Amino acid sequence: MKCHVLVAVVVVAFALICWQLFPPNVLLPLPPLCDKVINGQRVIICGASEGIGRDIALQYSQCGAHIAIASRRAAVLAEVKRECEERGAASVLAVAVDLATTEGAQELISSSVAHFASVAGAPNHRGIDVLILNHIKPFFDHWDDIEDPISTTQKIVEVNVLSYVYLTQYALPYLRALDEDGLKGSIGVISSQAGKMGLPQVAPYSLSKHALHGFFDSLRLDITNSSNPNVDITICVLGSIDTKNARENTEGKLAKKNIKQYPSEECASAIIRGVANHAREIYYPHFELQIVNLLRPFLPGTIDQMILYLLSE
């Protein structure tokens with residue numbers, strides 16, 4: 001009898017591991033992106049001036065969404081707006097703003113809602129369909145080499161954590177109303193493998209990403225247990241993505257021959273699909289990150305040594 005129970009436990013554990021590593025959306029061919037994005041959605045994309053944020057904006061545009069894009073750099077943002085219009089966006093609003101301030105976060109949400117209402121209307125008071133929180137203050141350096149660790153950490157937390165809280169709070173009333181098809185609003189939170197485990201040379205950045213998981217996992221429970229549970233939260237855990245920001249911040253500090261960097265465009269597609277499917281979490285690249293996350297609780301020291309080796313010259 002005990003043997004049968006043991007076998008059953010092993011089989012169930014094996015099945016769960018396979019489900020984590022090879023979920024249906026990984027094994028089955030992906031449909032065209034726009035089949036998963038509702039034409040005419042009202043989408044706010046933060047950190048849209050370059051990299052993953054820009055690619056997300058361009059792909060939503062290609063699917064005919066109404067989009068509001070935000071960044072601090074007005075000139076660069078204007079160019080992205082032009083590209084989005086050329087790709088077929090239903091409408092584009094560009095907001096040059098500092099999202100690390102409550103005033104800046106409030107300005108983005110209020111101006112976006114006003115824009116969406118003027119061009120798309122807001123049935124059932126749904127002012128926003130999707131909020132993509134993608135903006136970051138990047139960091140890659142050894143802790144001992146930081147000139148002012150406390151000030152540096154404070155600035156990273158302001159941009160990478162507190163601004164996400166501000167934007168979420170201001171956007172929630174507009175996300176929570178069901179649309180005409182009974183669909184929930186969505187928040188896409190761009191995180192990192194550094195939010196799942198400690199990685200070398202990113203201590204303040206890892207702090208900020210761990211904080212996002214704690215806040216949004218808790219917020220998800222509060223929303224689910226509320227009288228208006230009409231918002232889904234998708235946390236997107238990303239690995240090494242080939243963007244200009246990533247290249248510049250790791251120049252001369254990373255043994256890139258050992259680290260595969262994945263295309264930003266494919267990453268953006270994975271994020272959009274995950275948010276459209278109202279997934280709890282997505283991983284990109286999926287298999288590589290899930291293997292590490294599954295093994296680390298059992299072999300923490302081995303995984304740490306493996307990562308140090310991969311990052312060494």
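Tutor: A residue is buried under 20% relative accessible area, exposed over 50%, and partly exposed in between. Keep that scale in mind. The model here is predicted.

Student: Then is Arg-73 buried, partly exposed or exposed?

Tutor: Arg-73 has a relative accessible area of 37%, so it is partly exposed.

Student: What does Arg-73 form with Glu-50?

Tutor: A salt bridge pairs a side-chain nitrogen of Lys or Arg with a carboxyl oxygen of Asp or Glu within 4 Å. Between Glu-50 and Arg-73, the closest N and O atoms are 3.3 Å apart. This pair links distant parts of the chain, 23 residues apart. Glu-50 sits in the loop between strand 1 and helix 3. Arg-73 sits in the loop between strand 2 and helix 4. Glu-50 is also partly exposed, because its relative accessible area is 24%.

Student: How many salt bridges are found in the whole structure?

Tutor: A search finds ten. Two of them involve Arg-82: one with Glu-79, at 2.2 Å from N to O, and one with Glu-86, at 2.4 Å.

Student: Why are Arg-82 and Glu-86 separated by about one helical turn?

Tutor: Because they are four residues apart in helix 4. Glu-79 and Arg-82 are three residues apart in that helix, so about one turn separates them too. Check the accessibility of each. Glu-79 is partly exposed at 37%, and Arg-82 is partly exposed at 35%. Glu-86, at 58%, counts as exposed.

Student: Now the inside. Which residues touch the most other members of the largest nonpolar core?

Tutor: That core has 33 residues. Ile-44, Leu-108, Leu-133, Ile-187, Val-189 and Phe-216 touch the most other members. Take Val-189. Leaving out residues up to four places away in sequence, its contacts include Leu-133, Leu-212, Phe-216 and Cys-236. A second, separate core holds 32 residues, among them Cys-63, Ala-65, Cys-267 and Ile-272.

Student: Where is Ile-272 found?

Tutor: In helix 9. Ile-272 counts as buried because its relative accessibility is 1%.

Student: How many disulfides does the search find?

Tutor: Start with the idea. A disulfide is a covalent bond between the sulfur atoms of two cysteines. Here the search finds zero. Look at Cys-236. The closest cysteine sulfur, in Cys-267, is 7.9 Å away, too far for a bond. Cys-236 is buried, with a relative accessible area of 0%.

Student: What about the backbone?

Tutor: Most residues other than glycine have a negative phi, and most peptide bonds are trans. Look for exceptions. Gln-201 has a positive phi of about 70°. It lies in the loop between strand 5 and helix 7. At 24% relative accessibility, Gln-201 counts as partly exposed. His-278 has a positive phi near 55°, and lies in the loop between helix 9 and strand 9.

Student: Which peptide bond is cis?

Tutor: The one from Tyr-284 to Pro-285, with omega near -5°. Pro-285 is in the loop between strand 9 and helix 10.

Student: Last, the surface. Which residues make the nonpolar patch of about 320 Å²?

Tutor: Leu-295, Phe-298 and Leu-299. Phe-298 is in the loop between helix 10 and helix 11. At 69% relative accessibility, Phe-298 counts as exposed.

Notes
Residues are numbered from 1 along each chain as its sequence is written. This is a predicted model: local features need pLDDT of at least 70, side-chain atom pairs count only at pLDDT 80 or more; totals for chains, interfaces and linings use all residues. Side-chain values use heavy atoms; hydrogens and water are left out. Patches are made of residues with over 30% relative accessible area and no salt bridge: like charges are joined within 9 Å, nonpolar side chains (Val, Leu, Ile, Met, Phe, Trp, Tyr) within 5 Å. Accessible areas come from the Shrake-Rupley method with a 1.4 Å probe; for residues, only the protein chains shown count as cover. Helices (H or I, at least four residues) and strands (E, at least two) are DSSP runs, numbered from the N terminus. Buried means under 20% relative accessible area, exposed over 50%, partly exposed in between (1.4 Å probe, protein chains only). A nonpolar core is a set of buried Ala, Val, Leu, Ile, Met, Phe, Trp, Tyr and Cys residues joined through side-chain atoms within 4.5 Å. Contact means heavy atoms within 4.5 Å. A disulfide is a pair of cysteine sulfur atoms within 2.5 Å.
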